[in-house]
Amino acid sequence: MHIMEGFLPSPWWEIWFLISLPFIVIGLYQLNRLVQEKREALPLLAVAGAFVFVLSSLKLPSFNGSCSHPTGTGLGAILFGPFIAAVLGLIVLVFQAVFLAHGGITTLGANVFSMGIAGPAVAYLIYRAGTRAGANTYATVFVAAALADLVTYVVTSVQLALAFPGTAGFLGAFSAFAAIFAVTQVPLAIIEGAVIALVFKYIVQLKPEILTRLNLLSESTVDKLREAAA
Amino acid sequence: MYEVLEDFAQTNRLRETSPGLKLFLGLSSILLCVSSPGPVAPLLVAATMSAAILALAKIPARFYARLLLVPVSFAVMSIAVVLFITGSGAVLFEVPGLPLAITAGGANLALLLLARVFGGMCSLYFIALTTPMTEVFDILRRLRVPAVLIDLAMLTYRFIFILIEEAGQIYRSQVMRLGYGRFRESVRSFGMLAGALFIRTWESGEALVLAMDARCYDGRLGIPGEARPVSALALATTLLYLGAVFGVSLSTGGLVII
């Protein structure tokens, strides 16, 4: 959920900018190093960013007809790590604010934190833990993407509740925002998880070189997965 | 919709005005809206920005009205929550059977937020409709934003348009084959769409690497920037306008509607 332009009052929007800044700086540092090592990384990162933009501006099939969309950044974090995913998230969110009026400039810091940092970090950690534990790859991707989506909405609720505690106090306001966003989001998070897992499956079947070259899956895992599918 | 927005940015009547000035005006208006303590100044910004978009930049009114409707559903949901959880002052309305009530304090806060969102949105559209992205990149470069970030943003921007086209084609052919008939099918089709899109994207990225290498890409993209001087009159008008909005924001800050 993007927080809209003008919705967060001072000092909250400044605070979220400050919180997001170090992640972006580390991301830029990693990005610089990556680009110097492998020149081909830049165009590939760019297409990944554009993919996240397009995916998150398409509407997911949803039952309740609510206007929701996948965050898509979970995939970016699994592929490139959480810090570079934060930089991609920043770029995508600026374009979404300007082209689609989703989000805004002053709320950029808060949105980068919820969608570009918190969600992707969760996806990345779950994916790492899952592969290390030897869990089923698709199940890991499913859980990682679904939880990343949910975490994004929980963080958004926290941000809104901190800015507008009302008379109910932080916890009361949080449960009100979380009830509206997170509860309608649970089925959508599950769908997003399923969709991203399907994306992974297509990549493994059709172009596994992408995954092996990024050191995400070893050749033997890919062979095993393709055999299982065949 | 996206291409149309960018088309207007390239052809509108304010195209030749200095991009730095337009960006400065838009961003300052957003800041004034967010920091305004009362709803009058943001509404003034919304009105003047819309006037500038329609009268000065000559964007068709019907198209602009459709743009303004895009974020409405997002706004209504969040503002409804604020309306109900903020309780101070006289109770204006109670929901029968539920512990929910609208108070004067909540209504004022909701109104203020609505005005800020509306003002910010119009300022954002002012930038989007009058300033092409390529010129924004040029300004960012002059502001010493890291080159790698600008290059990445430019390439991402380029690919967004290509991908939207492809996603649309895949989606239409899926719909024609009844791919979104039932819920199960929709999820499967959507996954297929995203998967196919990702692989095609990646392939076009690899093709781009080849094309750039063939043209001696050395890790830096160059864009020729043409400096358009800011006219003194335009700068003075902008500063006068921003000063006026700031004055209105200060003098109507304590104004309470309800």
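A salt bridge of 3.5 Å, N to O, connects the side chains of B:Arg182 and B:Glu185, the term denoting a side-chain nitrogen of Lys or Arg within 4 Å of a carboxyl oxygen of Asp or Glu. B:Arg182 is exposed at a relative accessible area of 59%, whereas B:Glu185 is partly exposed at 28%. Here buried means under 20% relative accessible area, exposed over 50%, and partly exposed in between, with a 1.4 Å probe and protein chains only. The model is predicted: local features need pLDDT of at least 70 and side-chain atom pairs count only at pLDDT 80 or more, while totals for chains, interfaces and linings use all residues. Residues are numbered from 1 along each chain as its sequence is written, chains are lettered from A and ligands numbered from 1 in the order in which they are written, and side-chain values use heavy atoms, with hydrogens and water left out.

Over all chains, the structure holds four salt bridges. Another of these joins the side chains of B:Arg142 and B:Asp138 at 2.7 Å, N to O. Both residues belong to helix α7 of chain B, where B:Arg142 and B:Asp138 are four residues apart, about one turn of the helix. An α-helix has 3.6 residues a turn, so residues three or four places apart point the same way. B:Arg142 is exposed, at 53% relative accessibility, but B:Asp138 is buried, at 13%. A further salt bridge, at 3.5 Å, N to O, is formed by the side chains of B:Asp151 and B:Arg141. This pair links distant parts of the chain, with B:Asp151 in helix α8 and B:Arg141 in helix α7 of chain B, ten residues apart. B:Asp151 is buried, with a relative accessible area of 2%, and B:Arg141 is partly exposed, at 28%.

Chain B contains ten helices and two strands, arranged along the sequence in the pattern α-α-α-α-α-β-β-α-α-α-α-α. Helices (H or I, at least four residues) and strands (E, at least two) are DSSP runs, numbered from the N terminus. Of the 258 residues in chain B, 48% are buried. Among contacts in this chain between residues at least 6 apart in sequence, 74% join residues at least 24 apart, a contact being heavy atoms within 4.5 Å.

Within helix α3 of chain B (residues 40-56) lies B:Ser50, a buried residue at 13% relative accessibility. Its side chain makes a polar contact of 3.0 Å with that of B:Tyr64. A polar contact is a pair of N or O atoms within 3.5 Å; within protein, one must be able to donate a hydrogen and the other to accept it, and residues adjacent in sequence count only if both atoms are side-chain atoms. Apart from neighbours within four places in sequence, B:Ser50 is in contact with B:Tyr64 and B:Cys122.

B:Lys58 has a value of about 60 degrees and is placed in the loop between α3 and α4 (61-69); B:Lys58 is partly exposed, at 48%. For B:Arg144 the angle is about 65 degrees. B:Arg144 is found in the loop between α7 and α8 and is exposed, with a relative accessible area of 75%.

The contact between the chains takes 69 residues from chain B and 74 residues from chain A. Chain B and chain A bury about 6,500 Å² between them, 85% of it on carbon and sulfur atoms; buried area is the accessible area (1.4 Å probe) that two parts lose on being put together, summed over both. Between the two chains there are zero salt bridges, and zero residue pairs are in polar contact across the interface, with both residues required to be at pLDDT 80 or more. Elements giving two or more residues to the side of chain B that touches chain A include α1 (2-11), α2 (19-35) and α9 (183-214) of chain B. The largest share of that side, 22 residues, comes from α9(B). The residues on this side of chain B comprise 51 nonpolar, eleven polar and seven charged. In this division, Ala, Val, Leu, Ile, Met, Phe, Trp, Tyr, Cys and Pro count as nonpolar, Asp, Glu, Lys and Arg as charged, and the others, Gly among them, as polar.
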